Amino acid sequence: MKDYTRRKFVKTTILSGIGAVIMPYAAMSQGKGKKQTYYIAAYDTESGGGVEACRKIVEVHKRYQMPATFFIVGKRLEENPDGYRKLLDDPLFEIASHTYSHKMLRDNPFCGPAVSMERRREEIFKGKELVEKVFERPCIGLRPACGFDNAFKGVPEVLSLLSEAGFKYVSSLLWGPDYSMPVPLNQPFSYESDGYPDLWELPACGWHENLLKNHNKWGPKRLTLWPPVMPEAIPEKFVSTPEEEFKVNKVFIDKAHSTEKMLVSLIWHPWSLHAFDPEMKMLELTFKYVREKGLNACTYADLYKVVSS
């Protein structure tokens, strides 16, 4: 596994000039002697009724001119291609794949076993094809259903399919050690040690926010690690207000900023956000704070262009 160092990231960003969103912030931060932290708002768009939830989300993004990556399940695009295209076909947003029908690409102890290799091929290829058909632009990234604690390391049969399909990055490292919550501030790496140096892992961190609110109706679960990696990010109970959710988000933003991590991106689901907070007050609070902290907002596609250059 080839880790991408912060020093190399900043140097590459400045020298290459890639990414209109990233370049000015990186140059400014290096001039101040402090390494820049990059913030990505991302949404796993997987459930029915997603257009209405995404509409509320998009309103907040446009007010703050905040970029975002929407990982969309192919079946949702089959159901309402015009609705999603009209809403999300905007230079502010990247559209990436969340597989075709949200089936597992490797085993997950909470979400179930992987489907057959034939089904995995369909999930990978058909999901990508639908994004490209609906939005008429390349789809370079995939976030698998649920995610894993070891990303796609050690599953060459899946990496082969991802490479064959033409994906440039995946965002699959979505659990902490031993499938725990919350997810620590993992950083980008390539799959060079697995034989795929051109395929990148761009992780996320924090909680699957639907679990933070008990929206999956799992009730109390043994989710946290002992000893915890980030005890300050473990609330005493399910969050019940947008302000409580923002307080958890703030822990990850603050730690990424203070420790000069390259990337901080939380794990959000439109259906869950809308059910909990239809006015999207949490997004308002989070985006305002991101701007106040001076984080560089971009998409996963922007970040890929830099780490891969």
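Trainee: Which residues do ring pairs link into a cluster?
Mentor: This is a predicted model, where local features need pLDDT of at least 70 and side-chain atom pairs count only at pLDDT 80 or more, while totals for chains, interfaces and linings use all residues. Residues are numbered from 1 along each chain as its sequence is written, and side-chain values use heavy atoms, with hydrogens and water left out. Rings of Phe, Tyr and Trp (its six-membered ring) pair if their centres lie within 6.5 Å; planes under 30 degrees apart count as stacked, over 60 as edge-to-face and the rest as tilted. The cluster linked by ring pairs consists of Tyr39, Tyr43, Tyr64, Phe70, Phe93, Trp268 and Phe287.

Trainee: What is the geometry of the pair formed by Tyr64 and Phe287?
Mentor: The centres of Tyr64 and Phe287 are 6.3 Å apart. The angle between their planes is 70°, and the pair is edge-to-face.

Trainee: How many residues apart in sequence are the parts that this pair ties together?
Mentor: Helices (H or I, at least four residues) and strands (E, at least two) are DSSP runs, numbered from the N terminus. Tyr64 lies in helix α3 (residues 50-64) and Phe287 in helix α11 (residues 281-293), so the separation in sequence of the parts tied together is 223 residues.

Trainee: Is Phe287 buried or exposed?
Mentor: Buried means under 20% relative accessible area, exposed over 50% and partly exposed in between (1.4 Å probe, protein chains only). Tyr64, at 24% relative accessibility, counts as partly exposed. Phe287 has a relative accessible area of 0%, so this residue is buried.

Trainee: Which lysine lies over the face of Phe189?
Mentor: A charge sits over a ring if NZ of Lys or CZ of Arg is within 6 Å of the ring centre and within 35 degrees of the ring normal. Lys128 lies over the face of Phe167, at 5.8 Å from the ring centre. Over the face of Phe189, at 5.4 Å from the ring centre, lies Lys153.

Trainee: What is the bridge partner of Tyr38 in β13?
Mentor: Two strands pair if DSSP finds at least two bridges between them. Strand β2 (residues 38-39) pairs with β13 in the parallel sense over two bridges. In β13, the partner of Tyr38 is Asn296.
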